[in-house]
Structure formats: structure tokens, C-alpha cells
Amino acid sequence: MVLKISFLFCLAFLFVINSFSQTKDTSSTFAYSFYVDAYYAAYTDSVGEGNYVKFPSVSPRNGFGLNTAMFTAQYDAKKVRGMIALHYGDIPKSSWSSTFNNIMEAHAGVRLCKKLWLDAGFFRTHIGAEGLLPKENFASAVSVTTYYEPYYESGVRFNYNPCSKLSLNVYALNGYNIYEDNNKKKSLGLLATYFLGDKGNIGYDNYIGDDTPTSADTISHLRFYQNIFFNYQIKKLKVQIGVDYALQKNSKIAQADKSASMFSGLLSLKYQFSTPFALYARGETFNDREGFMSGVITDKQNNLTGLILWGATLGAEYKPADNSYIRLEARQLQMDKDQEIFRWKNENKSSRMEMMVNMGITF
């Protein structure tokens, strides 16, 4: 009986002490949102009914479809924070992890000191000039450069904001575009962004790691991927520039013990004629001659090669409200003349035309 009374007393005492020691965080906020993007697309690329076209991501098949139905929740407090984003549709089915297909990102964070946070979990990519969703970009379809950049990653992130104009993020990751580790090696990444007031930003990001699976050969394929980006607005004109350059050890096709390189870039322009109407254009190039990013194919001359291409996009946007858009967009992708990777009307082709209409809303 004495032990029982003592136990109850201890519980009551701890409850009282806990009540006095805890202070309510009145600065905490909780927010949530929904995002839906639907589309109709047509490609000169015969892939069969219901199949995804090459470079599948946004609007990845012929006909009507749903790019994403997305839910995001975010909690922010003085010492802790967290967020989760869930998605369903053609984007996760065609481009996301098969294991964690409906998790776009989910991470928890703790403040280590005044300007330094530590976050851990699943993140969206820290690499690239473009975002992954139509609402984040001028154009709906992402460039081929963005397609071969990582979409998602897992690990920890140190976020340091020394001032309002500079943000620094350092990552320790499982690997390039993977949630689950495929070897015992960890990768590192950096994202540095300098904000140019309300006009835009400029930044640099990178990735360094060896993602050779443990079941494969023991030769190192250390990858060093770099990207620089620039966003700026001049009155009604918005400009976006992105340049990527990557090196990977022991990856040349003809000389397997030599390092291979890849470079790519994009230039996007958007002109806002009025509050609801805008026109946009994008030029892109992608050169992965050794195929360590895009894979190796056999061209018309029976040579082994990686993908080499350029593309041009033109589109118009109408925004019925600030949180919505309707876009009509066309793009041509042109491969190297000997790389006939598309098929149309029973013929192999080195180019593809595509057209899509997207309608999206955030609420």
C-alpha cells in the first residue's frame, strides 16, 4: 500500500513539475494545402496505349491524365519543425520511388542554435534550376536536364541562414535519386542561395558520391555533379538560367578506366502581358556522350553512345486566379541525327513533337 501511494505521489509530483517547466510556444504555426494538376497530352512517340513516353515525368502519356493530387502539411515552432507532402498521380507513378511511391517528402527538424537547423528524413532534390511541379516553373513539362537530375533524396540536412540574403544547406545522403541506401557509402551535397531582393536569386548546388551497388563490381564510379542557377525579373520579363556539369570516374564507354563528363543547360523566359496572361519560351541542351547519366544506346552507325539533344518549348498561360493556371504548351526535342530513339508511324525518328494542356489549382 505504501509503495502504491508513493508511486501515485511521484506521478503527481512529476506532472506538477512538468506543468511548471513547460512553456507554451505561442509562435508555432500549422499550415496545410492541396494541389491538383490535370492534363491532356499528345506526342509523336508511339509507345502503346497507357504507356509512358520517353523522359516521363510531367504529363507523361498520350491522352487525358492526372499529374498529381497532392497534400502538404507543415508545422513550424521556435525549436522544432516538420513537414510531410503526399502525392498521387502520373508524376509519382512514372518518376518516383517504387518503395515509397506516395511520399514526396517528409522530414522533422530541430533548431541547434539561433540560425542553424538540423532536418532528417526524405527530401525533394536540392539540385537544379527548375522545380519538379508545373506550378513551380514557367513551363509545365520539365527539361531533359531536370529529368536526369535527382527528384528525391534521403538523409540529413544542416540549414544555416547567416542573414536574410543568404541560405546555406549541407546534406549527408544515401545516394543520387534514392531513398534507400544501395551500398555502405554516403554522399554529400551543398546548396547555396543568394537572394537578390524581390527580383530573384542566384545559387550553386552540387552532389558528390559513389552509388555503385554492392552487388555490382567494386570499381568506383564517384560522381561529382554541379549546377548553377539564376532567376531574375526585369519589369514584366522573368529570366531563368541553369547550367549543369558532371564528372564520373571509370565511366567512358571505350575506356572504362577513364572519367566521363556530361553538360547541359536551359534558358527560360516568361513575359507577363497582363495580370492573367503570359507567354513563355525555353531552350535546352543535354550532352551525355558517355551515357553515364542517360544510359548507353546503339545509334544508326552501330556506335555505342549516350544521349545528345536540344529542345525548344513555347507556351501560353492564363491565370483565372492567383492560385490557378491554364497552359497550352508545345515542345520539340531533337536528338543527334543518328540517335533514333522515338518511333512514329512505323518509322524510327530522331525528333519528337509534343503538345499539352495543363490545368492546376492550389488551395
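Predicted model: local features only at pLDDT ≥ 70, side-chain atom pairs only at ≥ 80, totals over all residues.
Strand E8, residues 187–195, has pairing partners in strands E7 and E9. With E7 (residues 166–173), strand E8 pairs in the antiparallel sense over eight bridges. Within this pairing, Leu-168 has Ala-192 of E8 as its bridge partner. Strand E9 (residues 200–209) also pairs with E8 in the antiparallel sense, over eight bridges, and here Leu-191 stands opposite Asp-205. The hairpin formed by E8 and E9 has four residues between the strands, and in this hairpin Gly-197 takes a positive phi near 65°.

Asp-205, which is located in strand E9, has a relative accessible area of 0% and is therefore buried. Apart from its neighbours within four places in sequence, Asp-205 is in contact with residues including His-126, Leu-190, Leu-191, Tyr-225 and Phe-229. Its C-alpha atom is separated by 11 Å from that of Tyr-171, a residue 34 residues apart from Asp-205 along the chain.

In soluble globular proteins, nonpolar side chains tend to be buried together. The largest nonpolar core contains 25 residues, and the members that touch the most others are Phe-55, Tyr-225, Phe-286 and Met-293. At least two residues of this core are supplied by each of helix H3 (144–148), E7, strand E10 (223–234), strand E12 (260–272) and strand E17 (324–335).

Thr-145 counts as buried because its relative accessibility is 2%.

Strands E1 (29–43) and E4 (103–113) are the elements that give two or more residues to the patch, and E1 gives the most, with three.

The model contains 18 salt bridges. In one of them, the closest N and O atoms of Asp-119 and Arg-157 are 3.2 Å apart. Asp-119 belongs to strand E5 (residues 116–124) and Arg-157 to strand E6 (residues 152–163), so this pair ties together parts that are 38 residues apart in sequence. Both partners are buried, with relative accessible areas of 1% for Asp-119 and 15% for Arg-157.

Arg-327 and Glu-317 form another salt bridge, with their closest N and O atoms 2.9 Å apart. This pair ties together parts ten residues apart in sequence, because Arg-327 lies in strand E17 and Glu-317 in strand E16 (residues 308–318). Arg-327 is buried at 3% relative accessible area, and Glu-317 is buried at 3%. By contrast, the salt bridge between Lys-349 and Glu-347 (3.2 Å, N to O) joins a partly exposed lysine, at 29%, to a partly exposed glutamate, at 44%. Salt bridges with shared partners also join Asp-45, Glu-130, Arg-282, Glu-284, Arg-331, Arg-352 and Glu-354 into one network.

Methods: Residues numbered from 1 in each chain as written. Heavy atoms only, no water. Pairing = 2+ DSSP bridges. Core = buried A, V, L, I, M, F, W, Y, C linked by side-chain atoms within 4.5 Å. Buried < 20%, exposed > 50% of the residue type's maximum accessible area, 1.4 Å probe, protein only. Contact = heavy atoms within 4.5 Å. Salt bridge = Lys/Arg side-chain N within 4 Å of Asp/Glu carboxyl O.
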